[in-house]
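Take a look at the model below. The report starts with the strands, then turns to the contacts between side chains.

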Amino acid sequence: MQTTKTVNNAHTINLTYCGYGKYIATWKGFPNSGPKNIRRTIHVVDNARQLDNAAIQASDLFTDWLKETTPTGGLRDCIVTSITMGYVNADKRVLLVQTDWTEINSLKIEAA
């Protein structure tokens, strides 16, 4: 039996726990804007799902940054289609975030 394997491209976000519901999300900026790391702080309620909530917030912060730095003329929106979390150590995870660019007009039609 032949199985099909799919390879998907994803953006990488590092998520580090700093204690008391605080996480730091970092990712690489675009090469044309200089070799810099982008860093965002996330505060979540300290509960059993805090890691999942932090991952979702990190992906939202990433897509917000992507929308700000990618010229689309206001015609497209970047949405998260998938988040995969990998274990690095007790306080660090790596997120693989898959995104898709959607036409703004199609988003308005779906919302109606």
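## The sheet

Five strands form an open sheet in the order S3-S2-S1-S5-S4, with antiparallel pairing. Strands pair here if DSSP finds at least two bridges between them. S3 and S4 are the edge strands, and each pairs on one side only. Direction ignored, neighbouring strands of this sheet are turned by 25 degrees against each other on average. Strands (E, at least two residues) and helices (H or I, at least four) are DSSP runs, numbered from the N terminus.

This is a predicted model: local features need pLDDT of at least 70, side-chain atom pairs count only at pLDDT 80 or more, and totals for chains, interfaces and linings use all residues. Residues are numbered from 1 along each chain as its sequence is written, and side-chain values use heavy atoms, with hydrogens and water left out.

## Strand by strand

Start with S1 (residues 11-19) and S2. They run antiparallel and are joined by five bridges. Tyrosine 17 stands opposite tyrosine 23 in S2. Leucine 15 faces alanine 25 in S2. The hairpin of S1 and S2 has two residues between the strands. In this hairpin, tyrosine 20 takes a positive phi near 55 degrees.

S2 also pairs with strand S3 (residues 37-43). Seven bridges join these two antiparallel strands. Here alanine 25 has arginine 40 in S3 as its bridge partner. How much of S2 is buried? Five of the seven residues in S2 (residues 22-28) are buried, so the strand is mostly covered. Buried means under 20% relative accessible area, exposed means over 50%, and partly exposed lies in between (1.4 Å probe, protein chains only).

On its other pairing, S1 meets strand S5 (residues 92-103) over six bridges, in the antiparallel sense. Threonine 12 has leucine 96 in S5 as its bridge partner. S4 and S5 are joined by twelve bridges and run antiparallel. Leucine 96 in S5 also stands opposite threonine 84.

## The helix on the sheet

Which strands does H1 touch? H1 packs on the sheet and touches S1, S2, S3, S4 and S5. Contact means heavy atoms within 4.5 Å. The direction of H1 makes about 135 degrees with that of S4. Axes are lines fitted to C-alpha atoms, for helices over the stretch in contact, and angles run from 0 to 180 degrees between N-to-C directions.

## Salt bridges

Side chains of opposite charge can pair when their charged atoms come close. The rule for a salt bridge is a side-chain nitrogen of Lys or Arg within 4 Å of a carboxyl oxygen of Asp or Glu. By this rule the count is two.

Lysine 67 is partly exposed, because its relative accessibility is 31%. Aspartate 64 is partly exposed too, at 36%.

Lysine 67 also forms a salt bridge with aspartate 77, with the closest N and O atoms 3.1 Å apart. Aspartate 77 lies in strand S4 (residues 76-89) and lysine 67 in helix H1, so the pair ties together parts that are ten residues apart in sequence. Aspartate 77 is buried, with a relative accessible area of 17%. Shared partners join Asp64, Lys67 and Asp77 into one salt-bridge network.

## Aromatic rings

A pair of aromatic rings is described by the distance of the centres and the angle of the planes. Rings of Phe, Tyr and Trp (its six-membered ring) pair if their centres lie within 6.5 Å. Planes under 30 degrees apart count as stacked, over 60 as edge-to-face and the rest as tilted.

The structure holds four aromatic pairs. In one of them, the ring centres of tryptophan 27 and phenylalanine 62 are 5.3 Å apart and the planes stand at 90 degrees, so the pair is edge-to-face. Tryptophan 27 lies in strand S2 and phenylalanine 62 in helix H1, so this pair ties together parts that are 35 residues apart in sequence. Tryptophan 27 is buried at 2% relative accessibility. Phenylalanine 62 is buried at 3%. Ring pairs link Trp27, Phe62 and Trp65 into a cluster.

## Cysteines

How many disulfides does the structure hold? The count is zero, where a disulfide is a pair of cysteine sulfur atoms within 2.5 Å. Cysteine 18 is partly exposed, at 43% relative accessibility. Cysteine 78 is buried, at 2%.
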